[in-house]
Each structure stands twice: as structure tokens, then as C-alpha cells.
Amino acid sequence: MATTRTAQTTWQGSLQEGSGSVELQSSGVGTFDVSWPSRAESANGKTSPEELIAAAHSSCFSMALSAALSKAGTPPTTLETSAEVELTPGTGITGIKLTVVGTVEGISEEKFVEAATGAKEGCPVSQALAGTTITLDASLKS
């Protein structure tokens with residue numbers, strides 16, 4: 001069954017001087033301020049489309065990897081995933097770096113990296129962002 005999630009942004013003013021807010025409507029968990037300076041320079045307590053993409057990508061990837069590891073009989077104890085989305089003003093999003101450190105019993109580093117690579121390729125958010133270079137650094141917690 002398909003699901004749809006909704007967010008709404010209200011923007012006021014020009015790109016450089018204006019600002020807006022993003023409301024996560026489906027979940028109702030909050031409204032977050034956005035502005036161009038917070039996007040292209042320093043966050044200053046505001047979010048950006050790239051940070052929201054990073055949140056979506058890191059959580060989707062973690063779910064995909066958890067599912068793959070569980071299906072293989074080695075469910076994870078913990079997956080710590082970060083996503084770094086790089087914006088180059090005037091060019092756009094120029095890359096995404098996924099980093100995952102897993103605590104998984106009964107799996108080799110090689111098999112973990114293999115599962116993480118498959119999750120990167122199969123994650124619906126990765127697929128939606130296929131026009132961007134996505135790199136992966138995967139390791140087991142020592």
C-alpha cells in the first residue's frame with residue numbers, strides 16, 4: 001500500500017533577504033525555520049533542504065540496511081548513520097556521503113560492507129537522488 005507524506009513551506013521575501021518555515025504536516029512533529037544564509041553559510045539555528053535530505057537519507061538507508069542484515073540472519077544491535085549533503089551555491093547539490101558504523105554480531109567486515117553497499121543502492125531515497133554522486137563509508141564498531 002502506498003503512503004504519502006506532506007510538508008509545506010511558507011516563504012516571504014527575496015531569496016537573499018527572505019526567510020520561511022517548513023512544517024512537517026504528516027507527522028505534526030514541528031515547524032522549522034529556513035533562510036538562504038542558513039543554507040549557504042552557517043545554520044544559525046535554522047534548517048535547510050540539504051539537512052532535511054540528509055535526515056531522510058540517513059534514516060532510509062539505516063532502515064534498508066537493518067532489513068538486509070535481518071534477512072541474512074544477522075540483525076544489527078545498532079547502526080549509527082550520518083549523511084552529509086554538500087551544496088555548492090550556483091551549482092546545486094554536488095554530493096552525498098553516507099557513513100555507517102554498525103554493531104552486528106556474527107558478521108564479517110566484508111559482509112557488512114557488502115550489505116551496506118546493497119542498502120545504499122536499494123534505499124528508496126538513494127534511488128530518488130540517483131542524479132547525485134553518493135559515496136559510502138561502512139565499518140563495524142570495534
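Predicted model: local features only at pLDDT ≥ 70, side-chain atom pairs only at ≥ 80, totals over all residues.
Colleague: What makes residues 8-40 and 49-140 domain 1 and domain 2?

Modeller: Those bounds come from an automatic or database domain assignment, which gives domain 1 as 8-40 and domain 2 as 49-140. Taken over C-alpha atoms, the centres of domain 1 and domain 2 are 26 Å apart. Their contact draws on 4 residues from domain 1 and 5 residues from domain 2.

Colleague: How much area do domain 1 and domain 2 bury between them, and on which atoms does it lie?

Modeller: About 400 Å² is buried between domain 1 and domain 2, with 75% of it on carbon and sulfur atoms.

Colleague: Why is the pair R39 and E50 called a salt bridge?

Modeller: The rule asks for a side-chain nitrogen of Lys or Arg within 4 Å of a carboxyl oxygen of Asp or Glu, and the closest N and O atoms of R39 and E50 are 2.7 Å apart, so the pair meets the cut-off and counts as a salt bridge. R39 lies in helix 1 and E50 in helix 2 (residues 49-71), 11 residues apart, and the pair thus links distant parts of the chain. Between domain 1 and domain 2 the count is 1 salt bridge. On the side of domain 1 that touches domain 2, helix 1 (residues 36-40) gives the most, with 3 residues, and by class that side has 3 nonpolar, no polar and 1 charged residues.

Colleague: Why is E50 called buried, and why is R39 called partly exposed?

Modeller: Buried means under 20% relative accessible area, and partly exposed lies between that and the 50% over which a residue is exposed. E50 has 6% relative accessibility and therefore counts as buried, whereas R39, at 31%, falls in between and so counts as partly exposed.

Colleague: How do you know that E80 and K141 form a salt bridge?

Modeller: Their side chains meet at 3.3 Å, N to O, which is within the 4 Å cut-off, so the pair counts as a salt bridge. E80 sits in strand 4 (residues 78-88) and K141 in the segment after strand 6 (134-140), 61 residues apart. E80 is at 43% relative accessibility and counts as partly exposed, and K141, at 48%, counts as partly exposed as well.

Terms used. Residues numbered from 1 in each chain as written. Heavy atoms only, no water. Contact = heavy atoms within 4.5 Å. Buried area = accessible area lost by both parts, 1.4 Å probe. Helix = DSSP H or I, 4+ residues; strand = E, 2+ residues; numbered from the N terminus. Nonpolar A, V, L, I, M, F, W, Y, C, P; charged D, E, K, R; others polar. Buried < 20%, exposed > 50% of the residue type's maximum accessible area, 1.4 Å probe, protein only.
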